[in-house]
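Hi,

Here is the structure I promised to pass on. My notes follow below it.

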Amino acid sequence: MANSKFEYVRNFEQADHLLPNTWIVVRIDGRGFTKMCARYGFEKPNDRRALDVMNAAAKAVVTDLPEIVIAYGVSDEYSFVFHKTCTLFERRESKLVSTIVSTFTANYVHKWSTYFPDMPLASPLPTFDGRAVCYPTVQNLRDYMSWRQADCHINNLYNTSFWALVKLGGQDNKEAEKTLAGTLAADKNEILFSKFKINYNNEPEIFRKGSVVFRDYELVEPESHNTTTESIDAISMPVEQSKSQAEKDKKRRAKARVVVEFLDIIKDEFWDKRPWILSNKPGKVPKEV
Ligand SMILES: Nc1nc2c(ncn2[C@@H]2O[C@H](COP(=O)(O)OP(=O)(O)OP(=O)(O)O)[C@@H](O)[C@H]2O)c(=O)[nH]1
Ligand SMILES: [Mg+2]
């Protein structure tokens with residue numbers, strides 16, 4: 001093939017390969033969702049339909065990209081985690097981020113009418129930004145996930161208290177803000193309970209914990225496997241697999257159900273019972289129920 005005189009412009013393309021052997025987290029965030037929420041009348045502080053569209057879109061992304069081992073979502077954001085041995089798109093940042101953002105947005109728009117049947121999408125249309133961050137160790141990755149879930153808890157406790165004061169307590173926004181200024185978690189729990197008979201722990205888990213998306217296999221007794229943090233950190237290269245083993249894994253991954261659950265991902269238990277998330281070795285596909 002003859003080269004044209006224009007072809008030199010290729011050299012302007014910069015390499016953007018993400019550091020090998022690190023966990024890649026792509027976090028997307030709704031652009032101007034404060035306006036979106038007002039435009040479509042999302043319930044305050046939490047709108048179940050809005051969260052369900054986010055979760056449906058995230059589930060579609062995880063299903064479409066088997067290299068993603070887990071995703072975590074809260075409010076208008078979602079974090080997608082690629083296993084550290086992932087080599088998709090040669091780990092090029094722009095390709096990974098743009099693929100996630102567009103796949104997510106397309107599915108969000110596609111699923112919208114399922115959850116908002118009476119509210120056709122119009123301007124402002126939902127759009128998302130995205131960024132990628134690399135985390136070198138399992139501990140760093142776990143701490144990242146814990147950070148997002150702790151944030152979910154802090155924000156949701158605040159918002160639940162704030163909107164109780166406004167909607168049930170008759171305070172205006174300024175007064176509610178003042179009531180909550182300087183309060184600790186225990187104080188907010190007390191306000192909710194003593195003033196409004198709301199036991200925060202009985203609030204829906206999807207609001208308190210956020211949403212976790214992953215491939216589901218048979219749960220494992222924590223003592224029965226030895227995929228420790230150290231053993232996973234010690235893997236420094238994509239595990240060399242025979243072609244037939246790789247094919248088997250691929251088939252099992254494709255068979256696994258992608259689930260959306262509202263679980264504690266800060267404690268060890270979640271990870272210990274699901275060693276396949278960090279090992280990326282598919283587990284046993286549960287029998288159909
Ligand atoms: N009422 C309501 N608001 C929500 C819900 N989920 C998210 N939001 C709102 O979405 C916004 C998310 O915060 P940000 O991402 O910081 O704000 P943003 O307006 O999207 O701004 P940028 O992300 O900077 O473009 C907040 O204003 C939330 O109150 C919901 O279920 N109900
Ligand atoms: Mg936003």
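Which element gives the largest share of the shell around ligand 1? That is α1, with three residues. Helices (H or I, at least four residues) and strands (E, at least two) are DSSP runs, numbered from the N terminus.

Before the rest, a word on conventions. This is a predicted model, where local features need pLDDT of at least 70 and side-chain atom pairs count only at pLDDT 80 or more, while totals for chains, interfaces and linings use all residues. Residues are numbered from 1 along each chain as its sequence is written, and chains are lettered from A and ligands numbered from 1 in the order in which they are written.

Back to ligand 1: of the 15 residues around it (C-beta atom, placed from the backbone, within 6 Å), F33, T34, C37, F42 and D47 come nearest. Two or more shell residues come from each of β1 and α1 (33-39).

The protein has eleven helices and six strands. Its largest nonpolar core holds 41 residues, meaning buried Ala, Val, Leu, Ile, Met, Phe, Trp, Tyr and Cys joined through C-beta atoms within 7 Å. Buried means that 20 or more other C-beta atoms lie within 10 Å of a residue's own, with C-beta atoms placed from the backbone. A58, I70, A71, V81 and F104 have the most contacts inside this core, and α2 gives the most to it, eight residues. Beyond its neighbours within four places in sequence, I70 is in contact (C-beta atoms, placed from the backbone, within 7 Å) with V81, V212, V213, F214 and I277.

Best wishes

Key:
Buried ≥ 20, exposed ≤ 12 C-beta atoms within 10 Å, placed from the backbone. Contact = placed C-beta atoms within 7 Å.
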